[in-house]
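Visitor: I would like a guided tour of this fold. Please keep it brisk.

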Amino acid sequence: MTGVQTCALPISKTVIDCLDDPRYKGKSFGVICLLGHAQGRIIENMILEKVGPQPFKDEKTRLLCGDPYSFQGDERDVVFLSMVASIEGEGRPRPLTRETFQQRFNVAASRARDQVWLFHSIRESSLHPDCMRRHLIHFCYNPNPRKTVNFSGRKPNEFQIDVSDRLLSAGFRVISEYEVPGKFIALIVEGRERRL
């Protein structure tokens with residue numbers, strides 16, 4: 001079994017377990033592989049082998065496995081993120097800091113309406129401070145809503161900052177620069193069951 005297959009196994013098992021769990025009845029599912037879609041195909045095949053094509057065809061479950069671009073402009077209730085690090089040189093992970101990685105990770109991290117599961121193969125402390133993998137791991141282990149506003153390098157105006165601060169103080173989650181096909185929405189506000 002290859003490294004990619006080894007990493008795919010716990011993800012596919014967790015997806016199958018959630019599909020069988022009555023608490024997830026009626027929920028839609030997505031598996032996003034952050035560093036390419038080859039692993040997505042492997043996970044999809046593992047799920048097909050165990051449960052067949054029904055979750056992929058069901059109009060409520062809408063199971064989709066792919067890379068972040070597969071989910072552009074689309075959401076799922078539950079998203080499973082697969083983040084396998086590539087290693088360079090002396091066994092150190094290559095930092096992912098370019099804008100293309102920021103866009104890819106922002107799309108992936110904003111596709112879940114209810115729940116995100118992160119599967120990763122590397123510790124946060126071993127990553128460069130500016131690496132997108134490190135930011136994602138940190139967020140998943142420390143989901144403080146007061147730290148979710150990130151204006152993605154764009155200079156926010158005072159109105160955006162004031163509105164964000166007030167919403168965060170009121171306990172809402174705020175996502176900035178939410179990408180929709182060809183445009184960005186300045187702020188998305190989330191409560192327990194609604195998104196505006």
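What follows is a short exchange on the sheet, the helices and one loop.

Visitor: What kind of model is this, and how are residues numbered?
Guide: Residues are numbered from 1 along each chain as its sequence is written, and side-chain values use heavy atoms, with hydrogens and water left out. This is a predicted model, in which local features need pLDDT of at least 70, side-chain atom pairs count only at pLDDT 80 or more, and totals for chains, interfaces and linings use all residues.

Visitor: How many helices and strands are in the protein?
Guide: Helices (H or I, at least four residues) and strands (E, at least two) are DSSP runs, numbered from the N terminus. From that end the elements run α-β-α-α-β-β-β-β-α-β-α-α-β-β. The count is six helices and eight strands.

Visitor: What is the order of the strands in the open sheet?
Guide: Strands pair if DSSP finds at least two bridges between them. The edge strands, each pairing on one side only, are S2 (64–66) and S6 (112–120). The pairing is parallel, and the order of the four strands is S2-S1-S3-S6.

Visitor: What does the twist average from one strand to the next?
Guide: Axes are lines fitted to C-alpha atoms, for helices over the stretch in contact, and angles run from 0 to 180 degrees between N-to-C directions. From one strand of this sheet to the next, the twist averages 15 degrees.

Visitor: Which residue of S2 is the bridge partner of Val-31?
Guide: S1 and S2 pair in the parallel sense over three bridges. S1 (residues 29–33) also pairs with S3 (residues 76–83), parallel, over five bridges. In S3, Val-31 has Phe-80 as its bridge partner, and Ile-32 stands opposite Leu-81. In S2, the partner of Val-31 is Cys-65.

Visitor: How many residues of S3 are buried?
Guide: Buried means under 20% relative accessible area, exposed over 50%, and partly exposed in between (1.4 Å probe, protein chains only). S1 is mostly covered, with five of its five residues buried. S3 is largely enclosed by the rest of the structure, because its buried residues number eight of eight.

Visitor: What share of the 196 residues in the protein is buried?
Guide: Contact means heavy atoms within 4.5 Å. Among contacts with a separation of 6 or more, residues 24 or more positions apart account for 68%. The buried share of the 196 residues is 37%.

Visitor: Which helix lies across S3 and S6?
Guide: Helix H2 (residues 38–51) lies across S1, S2 and S3, at about 150 degrees to S2. The helix across S3 and S6 covers residues 132–141 and runs at about 120 degrees to S6. That helix is H5.

Visitor: How are H4 and H5 oriented to each other?
Guide: Two packed helices are described by the angle between their axes and the distance between the axes. The axes of H4 (residues 99–109) and H5 come within 10 Å and cross at roughly 25 degrees. Angles under 35 degrees count as roughly parallel, over 145 as roughly antiparallel, 65 to 115 as roughly perpendicular and the rest as oblique. H4 and H5 are therefore roughly parallel.

Visitor: Which residues of H5 make the contact with H4?
Guide: On the H4 side, the contact uses Phe-101, Gln-102, Phe-105, Asn-106 and Ala-109. The H5 side supplies Met-132, Arg-133 and Leu-136.

Visitor: Is Thr-61 buried or exposed?
Guide: Thr-61 is found in the loop between H3 (54–57) and S2. Beyond its neighbours within four places in sequence, Thr-61 is in contact with Leu-19, Lys-27, Ser-28, Phe-29 and Pro-55. Thr-61 and Gly-30 are 31 residues apart in sequence and 9.0 Å apart in space, C-alpha to C-alpha. With a relative accessible area of 14%, Thr-61 is buried.

Visitor: What is the phi of Arg-62 near?
Guide: Arg-62 lies in the loop between H3 and S2. Arg-62 is partly exposed, with a relative accessible area of 29%. Its phi is positive, in a residue other than glycine, and near 45 degrees.
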